[in-house]
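Biologist: I would like to learn how to read a structure feature by feature, beginning with the general idea each time. Could you take me through this one?

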Amino acid sequence: MENFFRRQNGSVSIYFMIVSLIFFLFSTVLIDFMRIMVAERKLEHATKTAAASIMSNYNAEVMGRYGLFVFDGDTSKATEMASNVTKSNLELKDNFFNIAELSNSTSQVDFMKFDDRIGLTSEETLKQQMLESVKYKGPLAFGEETFEIFDFFTQNGRDTQALKKMMKEQKKIKAEMEKRLENIKEIEEELKNIEIAPIQLSLNRSQIEAYNQAIFIKTYFVESGDSFENKQQAIFKQAYENETDEKIKANLKIQMDKHHEELEKLKDAGTDAETSLGNEVTNINAKVTEVKNALSKLKTAESAIKAAITSNEEIKKKLGNLPSGDSKEINEMREAIQKAYVDPVKLTDMQGKIQTSKKNLETYQGKLEAYSKKIKGYKKASLKPGIDKSLAIDKNDLKIDQDSTKEQIEQSVTNRVTKNKNHAMAVGYQSVVDLYLGKEISAIENSGINEINQAIDAVVTTSKEKEVRQELSEDEKKQEEAEKEKTAGGMKDLGKIMDVINTAKDKLDSEQAIYDNLEAIMKSNDAENQKDYPEGKAPSTDADDLVDQSFDLLDTLTTMGNQLKNRALLNEYLLGEFGTSQPVSLFGTDTIDPDNIDGLISDFEFQNKQVEYLMYGKSTPGANYASALLELIMIRLVCNLISGAFDKAVQKAFSVNILVGLAALISYTIIETVKDIIKLTKSNDIERKDKSAAFFKMKIGKIDPSKLTLTYRDYLRLMLLFERKNQYARALAVVEQVSEEKGVGIKPTQIKVTNTAKIKPWFLPNAVKTFTTLDSKLVDGEIELKTELYYSY
């Protein structure tokens, strides 16, 4: 036995048997694997055939008219059809050996959704089918030169943005300039006649003191009821009346009359003193009134200069972020507009002079009023405290007898009154006159009035400077008015066009049912019609506002070049399949008549303006074409404004004055836009050059503007590039409306067919499953194969 295992004769046969077994096992696996692969191909082919058979039942009307595929069969029988077709394709004809026989086949058909929306109600599905359709139906209509137009907006972004900011702010800048000018004019008007003469005071301190003394004597020595001299007059009278001797009585009368005369002189002197002081007060008050009037004007001027500075700073703020352009023309225009900002040093210098003059005049007024109050006080005399108002004196009268002469009597009375007056002054007078009144008078007479007048004159002179007023000369005003008249004429023509548009669209009530049905279709497709623009929105009748509104499109135009190549095919599909008609009649401002627009009605009909409905989605008959014309007007306004910035005549106007330049630019823009709209809406039966307008009217690099002309249809291509809400949902509604195929949108466009079948391995089922990567499973000794297929048209 030991030798048996050690002997090596016959060992090759053992190895051969082992290797042969391995090869046999491997061959069986390969045979079954090959059979399964053939079976899988058969199942896949059967699934494709089943899917194609199901989807062969499509809507031929929609496919033929719009190139869009929708399933038009019975969805409930789709699974049955798939099962029958699959079984039919898996079965072999009689007398054929079936190396990969499949059994127990089952089929399942599911109609698929995209973004949870079925069929063409999915925007992505609809757009994809449109793209597939247009690839075979027509070339892209945009030429290379047109692409270069849009490149202008991206390559010249600094120019367009600078111009946009200029035009968006120009009306506000002009308004602030007008406010500033009105304030500057108000300053000139208020201050130009201010010329304050220095006051001439007629009294000095000594005169005022003398007058006050005279008033004292009048008040206390003459008129006071307690005055000794007043009482003495009564005594003289009594003595006269009681005397019986005629000679003595005559002498007593002389004494009484002379005493009365002396008192009257003192009284008159006091009255004259009061009058002189009153005249001085009147003189001062007149000057105070003059100063008050000047101060009122200065206060008005102060408010006006403050408002002017505020307007100037507003202008600076609006110009502050104004970007520089790339072109010489735009930068020159920018520099011209920058001149709207007045050198703030000039305005603040005016403000400083006004405020200083006002402050100095207020001080001067205070001095005058204080001095006037003092002078009024000097018209009243003051008695020393503790002094008897009678100012009693020694009598020392002349003894009157028959021998007294008139001269003696009168001299005696004069001496007596003078002595008593001096006595009264000595014992009773208290001076109220300020010791430093002389200095105060000098300060008033030297209050710097001339310097105030000079400062005010300097303000008036500055207010007249051209760079401060920014006011047009007479020739410049005439030029500006001429441009404004052109603008008014252009706006009038534009108004006629708008009247025709509105009148025409209002005469299409008969088409309302079409739009109501479109709304209903969209609702059934679970799509809300979010209109691109509000119903009835009309452009402004103000040229500045209209240009301002048009620049809202600039950002869209700037980014449009990047979108063009991606969206142009879709837009070409919309124009080709839905279409729009070139206007059939002429918009001529000389012949246009809003009351006679019968020839224009067809321009607004739905059948001729389906693309316009896709763009704007308005549910009022004719309103979509009206909106397209409005948007066309806005685009032409932007392009003409850009062109105007490069126009030689406009540039020359800016070199004259910013206001003239802006008027010329607005005039150019409005007039050229009216011309363009008239050309673009001409009848289709004329040559292209007569119904197209140049996109730009200045040279862009090497591009000749005369070659860059677009028709109304070309502009629709451009406008279709703008973002539109629910545009494709409206397109689907139009498909159903025009084709009269109900429910097109909600019909499926894609299916998923799932087929399963079984194959029985001949040799080692588990080995096949273990050593292969087949997507299958082993059930009761049979391998189940499964195929899924997503299929559209």
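Modeller: Let us begin with a term we shall need throughout: a residue is called buried when its relative accessible area is under 20%, and exposed when that value is over 50%. Please keep in mind that this is a predicted model. With that cut-off in hand, we can say that Y625 and Y712 are both buried.

Biologist: How are the rings of Y625 and Y712 placed, and what kind of pair do they make?

Modeller: Two aromatic rings count as a pair if their centres lie within 6.5 Å, and planes over 60 degrees apart make the pair edge-to-face. The search of the whole structure finds twelve aromatic pairs. For Y625 and Y712 the ring centres are 5.9 Å apart and the planes stand at 80 degrees, so this pair is edge-to-face. Because Y625 belongs to helix α23 (residues 623-645) and Y712 to helix α26 (residues 712-719), the pair ties together parts that are 87 residues apart in sequence.

Biologist: And which pair is stacked?

Modeller: F695 and Y715 form a stacked pair, with 6.1 Å from centre to centre and 20 degrees between the planes. This pair links distant parts of the chain, since F695 sits in the loop between β4 (693-694) and β5 (709-710) while Y715 is in helix α26, 20 residues away. F695 counts as buried because its relative accessibility is 0%, and Y715, also at 0%, counts as buried for that reason too. Elsewhere, Y66, Y573 and F578 make up one aromatic cluster.

Biologist: Turning to strands, how many residues of strand β6 are buried?

Modeller: For a strand, one looks at each face in turn and then at the strands paired with it. Nine of the nine residues of β6 (residues 751-759) are buried, so the strand is largely enclosed by the rest of the structure. Both faces are covered, with I751, V753, N755, A757 and I759 buried on one side and K752, T754, T756 and K758 buried on the other.

Biologist: Which strands pair with β6, and in what sense?

Modeller: Strand β1 (residues 103-111) pairs with β6 in the antiparallel sense over seven bridges, and strand β8 (residues 782-791) runs antiparallel to β6, joined to it by nine bridges.

Biologist: For a helix, where do the buried residues lie, taking α14 as the case?

Modeller: In α14 (residues 437-445), the buried residues are L437, E440, I441 and I444. They fall within an arc of 100 degrees as seen down the axis, so they line one face of the helix. Among the elements that cover them are α8 (205-223) and α12 (344-378).

Biologist: How many residues of α25 are buried, and what caps its N-terminal end?

Modeller: In α25 (residues 658-680), 20 of the 23 residues are buried, so this helix is largely enclosed by the rest of the structure. From first C-alpha to last, α25 reaches 32 Å, close to the 33 Å expected at 1.5 Å a residue. Its N-terminal end is capped by N657, a side-chain oxygen of which lies 2.7 Å from the backbone nitrogen of L659.

Definitions and conventions. Residues are numbered from 1 along each chain as its sequence is written. This is a predicted model: local features need pLDDT of at least 70, side-chain atom pairs count only at pLDDT 80 or more; totals for chains, interfaces and linings use all residues. Side-chain values use heavy atoms; hydrogens and water are left out. Buried means under 20% relative accessible area, exposed over 50%, partly exposed in between (1.4 Å probe, protein chains only). Helices (H or I, at least four residues) and strands (E, at least two) are DSSP runs, numbered from the N terminus. Two strands pair if DSSP finds at least two bridges between them. The arc is that of the directions from the helix axis to the C-beta atoms. Contact means heavy atoms within 4.5 Å. The expected span of a helix is 1.5 Å times one less than its number of residues. A polar contact is a pair of N or O atoms within 3.5 Å; within protein, one must be able to donate a hydrogen and the other to accept it, and residues adjacent in sequence count only if both atoms are side-chain atoms. Rings of Phe, Tyr and Trp (its six-membered ring) pair if their centres lie within 6.5 Å; planes under 30 degrees apart count as stacked, over 60 as edge-to-face and the rest as tilted.
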